[in-house]
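Work through the exercises below with the sequence and the coordinates at hand. Each task is followed by a solution in steps.

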Amino acid sequence: MGNGTNRDPNDDIARKTHGQLVDPLEFIARDHRAERVVCDHLDRLAAGDKLRRADIESALRFLRDDLPHHLDDEELDLFPVLRRRCEADDEIDKAIARLTSDHAHAAVDTPTVIAVLDGQLRKKRPLSDTECHSLSAYAAHARRHLTLENAVVLPLARLRLSKKDQTQMAARMAQRRGLGSNQE
Ligand SMILES: [Fe+2]
Ligand SMILES: [Fe+2]
């Protein structure tokens, strides 16, 4: 606390997602919490609030470094195993189709958000109306996406994935990040 002026608790949230990979579903849930923090930052900027440099840097780190891995975790690991394990009544295909289409939109829109944040880091100037709209639209889409994943997809995954599924998922996610996992 003593020298806490340039310590950012949000930064810690983002860093923790890279700390350990034992429980892959909890790891994904942590990325979702970090993404919500980023959405809050984007809304504040769009509303004309000034953000601390550390908040902008932390949001940039998430969007540049963590989000691409997170999207791969879901598209290459979580969604395929869910498709195999879910029952017809779960209607998981519909949810996955919607989420995958959201990811494609995010891939197009994220560079714009990164450019706006980067611009704020280099030169603080008022955002244009178009930039404000881009940030708040991005945050609104991301929140809707997170709600579907947190309320439907992760609870189903906890229900349907076996221990072995989760261990294999953890190993692949760890490998993606050059980390160790609890799998031999
Ligand atoms: Fe997600
Ligand atoms: Fe997603």
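**Exercise 1.** Locate aspartate 49 and decide whether this residue is buried or exposed.

Solution. Step one: aspartate 49 sits in the loop between α2 (24–46) and α3, where helices are DSSP runs of H or I with at least four residues, strands are runs of E with at least two, and both are numbered from the N terminus. The model is predicted, local features need pLDDT of at least 70, side-chain atom pairs count only at pLDDT 80 or more, and totals for chains, interfaces and linings use all residues. Residues are numbered from 1 along each chain as its sequence is written, with chains lettered from A and ligands numbered from 1 in the order in which they are written.

Step two: apply the burial classes, with C-beta atoms placed from the backbone (buried, 20 or more other C-beta atoms within 10 Å; exposed, 12 or fewer; partly exposed, in between). Aspartate 49 has 10 C-beta neighbours inside 10 Å and therefore counts as exposed.

**Exercise 2.** Describe how helix α3 packs against helix α5.

Solution. Step one: two packed helices are described by the angle between their axes and the distance between the axes. Step two: α3 (residues 53–85) and α5 (residues 129–160) pack at about 60°, their axes 10 Å apart. Axes are lines fitted to C-alpha atoms, for helices over the stretch in contact, and angles run from 0 to 180 degrees between N-to-C directions. That makes α3 oblique to α5 (under 35 degrees is roughly parallel, over 145 roughly antiparallel, 65 to 115 roughly perpendicular, the rest oblique).

Step three: Leu78, Leu82 and Arg85 of α3 meet Leu156, Ala157 and Arg160 of α5.

**Exercise 3.** How many helices and strands does the protein have?

Solution. The protein has six helices and zero strands. Buried residues make up 25% of its 184 residues.

Definitions and conventions
Two residues are in contact if their C-beta atoms, placed from the backbone, lie within 7 Å.
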